[in-house]
Amino acid sequence: MNIPRQGVGAPVRRLEDDRYLEGRGRFAGDIRMPGMLEVAFLRSPVAHAGLRGVAKPEGAAHQVFTAADLEGVRGIRADSGLPGFRSSVQPVLAADRIRHVNEPVAACVAPSRAEAEDLAEATGLDLDILPAVHDMLKARDPDAPLLHDGWEENVFLESGFEQGFEAASADAAIRIRRQYRTSRQCMSPMEGRGVVAYVDEQADQLVVITSTQMPHIVRNGLAECLGIDQGRIRVIAPDVGGGFGYKGILLAEEVMLGWLALKLRRPVRWIEDRREQLAGNANCREHWYDITGYASADGRLLAVECEAIVDSGAYSAYPFSACLEAAQVASILPGPYKMDGFRCRTWSVATNKPAILPYRGVARTGVCFAMELMMDELARGIGMEPAEFRRRNLVTGSEMPFVNITNKIFDSGDYVEALDRSLAALDLPALRARQARGEPDGRHLGVGISIFCEQGAHGTSVYSGWGIPMVPGFEQATARMTPDGGLELRVGVQSHGQSLETTLAQIANEVLGVDPAKVKLVHGDTALTPYSTGTWGSRCIVMAGGAVATACEELAERAKKIAGTLLQADPDAIVLGNGEARGPSGSVTLAEIGSVWYHRPQDLPEGVDPAGLEATKGYKTVRDTGTFSYACHTAVVLVDPGTGAVEIEDYRITEDGGVLVNPMVVDGQVWGGAVQGIGTALYEEMPYDSEGQPLSTTLAEYLLPGAAEAPSIPIAHMETPSPISRFGQKGIGESGAIGPPAAIGNAVNDALRAFGAAIDQVPITPERVMAALARGERA
């Protein structure tokens, strides 16, 4: 019988899809418990104020809780170990000071959400309004109001890197300086945050069910804030409807609901509404770059100099801290390019806005935008086709592994081949000829390229070097064969769209030969799974995948020994596959092996491992500095100079994620990320006014790309195995979201060249295109 391949590399259909498509998923909002109370938060209407008092509604004071009620509860602290970092404490409920609009001030509890919201509306605030710090470029001014007592300026951390800059830049034939800006965004998964908390009296545990990417890290934070042992806390992540980093922190609401459950001894629930998500909770990607590129006359990139500011909001979010993005800018700005000199200084600035989180792509999206637009500028300044300028400066396949100027160790790949494949698919000469002829409808054609690398699956050495409060170590997995030959896998990472139920089952099939349909993945529960820092940084398929493979390898050796006895064969001659163990003269099924261990121990061989058919193993990559996936994105756009409208006519991606465990899953990850990147490029923006008020607080104002805005995106795969991971796979979950702003930005600027105009900020709205055209006309 010809059984289709189901292991590593096979396009297996997602095992979890039926549950979701048939409405059988179980999310935080689906959970109902007897006697459950609903929670609504009274949130600040202003960005900056002294809080003089909270007036609870008459007759309902016992249902409204403020900071004064939280005796013994600590605020959330996420301090970096990097020198010079300024510490802040995020209160669970604002106490003496309010630092951003919609910061929670009081928790209101009632039998229904509507009644809880009525209580919040009836609760009064006595505020002393203070000036708001709304612009990150002015936050460091000497006369700017300070957000935190004891600080000298509104900066969490100043960081930098310099290598060979003065010598490399001295002889440059061309020097170009530009300023670029990316706008603040809101992460918008389909499911917002949600928390259910109750006390399991029998187990003497606080149980917190929360839509999170990192259950074990949330438990760490809850124990610290509530002052109770971690063994008395159980965190469960049910089905999670998207995360993208938005669900990668400890929430003040999680701490508050945990405290309420302990206080009231009744289940409590809070489900975030969309206005809370947009206006009150963490944002991302607000960057500013002052970047200068230096090049030789023959097209060699000599050096890059940059000053960058990242708006980190009011607090340092646990566990990644406020400095993650800005500190990364200084190390990842060079991307895949070779250069002899580099200088970069960055500031993580505090403002009266919600804290930032590492949104899909983290700092790379902004860095790619700044660096790739600069590469086009340098190419034009030399008089060279931008693609050729890139080709001359990219790391080549023969140079791998390559250590770049900021000491990033690129594990494998061929960036030049990715560029060449993209250009062949694009047919650049034909597009240039069309561009020269002009469009019959008066619009202008533009072509743009962006190339980047994505460092994923970072390990201990990277995060300890960054001073992050959370440092990953060995990733563990437990594999247990069931009596009927099935397999249970227990992992500490949490799936929120990564298809882990499918891909980890495929890895088990590759090693153990078990049918993926007979693999049960247990995840998202601190009581049932090994400790893990969770799902972030494109790490799951590398780290958890490696751990699953290691645990299954241990299980395979034990199963072979039992099979050898049953088949009267040398265990070394046994081969596992297709649900059975085959020897030179016969075979037995995995179910028969399981039955012997669990039901017929009298038939076990001498010296059998007493640990049986269950193994927990830890895994690290050969070198834990990360895998480097990469891609080349190309965009063809049409720009209407009369209206500023931008249409994406063609968009293509050539990517290299190493060995693809499931190509269909990779396509889905890259497509989804690319649409998010198109949102960054053209639509999504959370502006604030001078009083720190958010101006896009509904989905009528905050524009998310939908099916009509998403073009068809062909993806070409390259598979250059990583030498440091178990199967040669690389993390690729964030890749798609990194390239679009730069590719589309370069394409728009290519179209605007005829007018002497250029955009320097995303999203590229019609208003910004028209403003660029006006600047070009004046120039």
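Mentor: A charge sits over a ring if NZ of Lys or CZ of Arg is within 6 Å of the ring centre and within 35 degrees of the ring normal.

Trainee: So where does the charged end of R19 sit?

Mentor: It sits over the ring of Y20, with 4.6 Å to the centre of that ring. R726 lies over the face of F727 in turn, 4.4 Å from the ring centre.

Trainee: What kind of model is this?

Mentor: It is a predicted model, in which local features need pLDDT of at least 70 and side-chain atom pairs count only at pLDDT 80 or more, while totals for chains, interfaces and linings use all residues. Residues are numbered from 1 along each chain as its sequence is written, and side-chain values use heavy atoms, with hydrogens and water left out.

Trainee: Back to rings. How many aromatic pairs does a search of the whole structure find?

Mentor: The search finds 15 aromatic pairs. Rings of Phe, Tyr and Trp (its six-membered ring) pair if their centres lie within 6.5 Å; planes under 30 degrees apart are stacked, over 60 edge-to-face, the rest tilted. F41 and W270 make an edge-to-face pair, at 5.9 Å centre to centre and with 85 degrees between the planes.

Trainee: Which parts does that pair tie together?

Mentor: F41 belongs to strand β1 (residues 37–43) and W270 to strand β15 (residues 268–271), so the pair links parts that are 229 residues apart in sequence. Strands are DSSP runs of E, at least two residues, and helices are runs of H or I, at least four, both numbered from the N terminus.

Trainee: F41, buried or exposed?

Mentor: F41 counts as buried, at 8% relative accessibility. W270 is buried as well, with a relative accessible area of 0%. Buried means under 20%, exposed over 50%, and partly exposed in between (1.4 Å probe, protein chains only).

Trainee: What about F320 and W536?

Mentor: They also form an edge-to-face pair, 5.8 Å centre to centre and 75 degrees between the planes. F320 is in the loop between β18 and α7 (324–332), and W536 is in the loop between β25 (519–522) and α14 (540–567), so this pair joins parts 216 residues apart in sequence. Both F320 and W536 are buried.

Trainee: Which residues form one aromatic cluster?

Mentor: F402, F410, Y415, F628 and Y630 do.

Trainee: New topic. What order has the open sheet of 6 strands?

Mentor: The order is β9-β19-β18-β17-β10-β33, and the pairing is mixed. β9 (155–163) and β33 (761–762) are the edge strands, each pairing on one side only. Two strands pair if DSSP finds at least two bridges between them.

Trainee: How many bridges join β17 to β18?

Mentor: 9 bridges join β17 (residues 287–295) to β18 (residues 301–311), and these strands run antiparallel. T292 stands opposite E305 in β18. β10 and β17 are also antiparallel, joined by 9 bridges, and R178 has I291 in β17 as its bridge partner.

Trainee: In which sense do β10 and β33 pair?

Mentor: They pair in the parallel sense, over 2 bridges. There T182 stands opposite V762 in β33.

Trainee: Last one. Where is the place of S44?

Mentor: S44 is in the loop between β1 and β2 (49–55). At 1% relative accessibility, S44 counts as buried.

Trainee: What does S44 touch?

Mentor: Leaving out residues up to four places away in sequence, S44 touches I98, H100, V101, N102, E103 and V105. Contact means heavy atoms within 4.5 Å. The C-alpha atoms of S44 and V548 are separated by 46 Å, and these residues are 504 apart along the chain.
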